Amino acid sequence: MSSHSTPASDTPTDFCFRCIGCGDVSHAASRDFRCSHCGDLLEIVYPGWKNAKPDAQKLKSGWAQRRLSNSALDLSGVWRFRDLLPALADESNAITLHEGNTPLYELPRCAKISGVPKLFAKHQGMNPTGSFKDTGMTVAATFARRAGFRWVACASTGNTSASMAAYAARGNMRSLVLVPEGKISWSKLSQSLDYGAVTCQLRTDFDGCLRLLQELVKQAPVYQLNSINPFRLEGQKTLAIELLEQLDWQPPDHIIVPGGNLGNSSAIGKALLEMRDLGLISRLPKLSVIQAEGANALVRTMRETGGKRLISLQPETRATAIRIGNPASWKKAIHVIEATGGACEQVSEIEIAQAKAEIGAEGIGCEPASAVTLAGLKRLVAQKFVKPDEVVVLVLTGNLLKDPDYTIDFHRGDLFKSGIGEPAQRALNSLRRPPIVLDATLDAVIRTLEQADTVTSES
Ligand code: F0G
């Protein structure tokens, strides 16, 4: 296979690990992916780029060329950009499900609602297991197998576990999933079961699962596949590279991403900074991170401590994917928000529900956690942080089908049990399309059609 894949640059991507706290550089990482000196997180860096920068034009044309290739590596929207990823000793060893290659959709109605001229959705929910996690998992699972591990493991709110279980199965590894009991969607849980993971529902929240996993990897020979693992972030970087390629390398003004454990925002920011440094783009888009009000650790950390000390909390939100109170990659996220001049904002449960229905009504759809991006954009426009002439990209992280219970509760009017105020209720009601139970007669269906037509013409 490797003989058919196309080289895009002459520069090998030899990498090492650098601690984001003390800057220590090493060629190997410990099992918990923490610095052996200060305990902070590691990032992957490419020392070779200092003296032999990959040529930007050559990279761009090489990546375009690979789109014509049918080799497994080139068909992956992650490995197609392998010149900016840790080098594979043997290219046929990549565990890939043709991840990446996700569409960039225009959202004209949501643009109008939020008051920007051009709004795009980079839909990572169109990945093989339905979330952005696949782009990181292909890289991290590949390096897990290369390191000789039989078992991989993760703590998850549901998407990481679905993705890990799939890639482990494809790579002939066993997988152990730790998820909070009762706080993840059935759809995500069902994926890890079907892909053959040993799935443990722990009586704690996501943060409790992650704490336990970090202890476990020190005692048992299992490879940790949470986004603390820097290989995950290298794969997730390619979201931004692919996005810029789709925009003909013209940077948007703003990219907006949901924030949970804060790996994804860190990865996207890393890609933007690397692309700027390598001359692939001439200008940095702002990167903003949006959280749910009930899981707003980063927002509080930035507002109350100026980003110096993490404020962790007991999270609560129906957007269960981001129900996280102690985000591991908070320092990395703050670094990229500040480096790109972005913002960090929070949105309410009502705003999330409304935004999700608005994205759905464009024929696109996403899971609740992804909808914080549109809700956040509206806030940033109202605050004049996003200007009325700016081009904005929302990163939709998960597929609509990831959380059908939420969607059905919303349309049936069961999402908010207690009074939410008249204006909010009216806004939500205008988006609700509950299923209608009818007698099986032509008459009943025609009356329903006429009624619906009147309502639509009035609105
Ligand atoms: N959106 C979705 C759909 C997610 O599943 C997650 C995280 C996020 C956004 C937040 O991304 O953690 O990188 O800031 N899900 C993880 C999981 C925690 O276990 O599936 P983040």
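My entries follow, beginning with the conventions and then going through the sheet and the helices.

**Conventions.** I worked from a predicted model, in which local features need pLDDT of at least 70 and side-chain atom pairs count only at pLDDT 80 or more, while totals for chains, interfaces and linings use all residues. Residues are numbered from 1 along each chain as its sequence is written, and side-chain values use heavy atoms, with hydrogens and water left out.

I looked up the strand order and found an open sheet of 6 strands, arranged 4-5-13-10-11-12 with mixed pairing; helices (H or I, at least four residues) and strands (E, at least two) are DSSP runs numbered from the N terminus, and two strands pair if DSSP finds at least two bridges between them. The edges are strand 4 (104-106) and strand 12 (344-347), each pairing on one side only. Neighbouring strands are turned by 25° against each other on average, direction ignored. Strand 4 runs antiparallel to strand 5 (residues 118-123), joined to it by 3 bridges, and I noted Ala121 as the bridge partner of Tyr105.

**Helices on the sheet.** Helix 9 (residues 230-246) packs on the sheet and touches strand 4, strand 5, strand 10 (254-258) and strand 13 (391-396), its direction making about 135° with that of strand 5. Contact here means heavy atoms within 4.5 Å, and angles run from 0 to 180 degrees between N-to-C directions, with axes fitted to C-alpha atoms, for helices over the stretch in contact. Helix 12 (residues 330-340) lies across strand 11 (286-292) and strand 12, at about 135° to strand 11.

**Helix 11.** In helix 11 (residues 297-305) I listed Ala297, Leu298, Val299, Thr301 and Thr305 as buried, that is, under 20% relative accessible area with a 1.4 Å probe and protein chains only. The buried residues of this helix pack against strand 11, helix 12 and strand 12. Just after helix 11, Gly306 takes a positive phi of about 65°.

**Helix pair.** Helix 6 (residues 159-170) and helix 7 (residues 186-194) pack at about 20°, with their axes 8 Å apart; the two are therefore roughly parallel, the term for angles under 35 degrees. The contact is made by Asn159, Ser161, Ala162 and Ala165 of helix 6 and by Lys188, Gln191 and Ser192 of helix 7.

**Strand 3.** Which residues cover the two faces of strand 3 (residues 42-45)? Leu42 and Ile44 lie on one side, Glu43 and Val45 on the other, and all are buried. Strand 3 pairs with strand 1 (residues 16-19) in the antiparallel sense over 4 bridges, and Cys19 stands opposite Leu42.

Note on methods
Angles under 35 degrees count as roughly parallel, over 145 as roughly antiparallel, 65 to 115 as roughly perpendicular and the rest as oblique. Buried means under 20% relative accessible area, exposed over 50%, partly exposed in between (1.4 Å probe, protein chains only).
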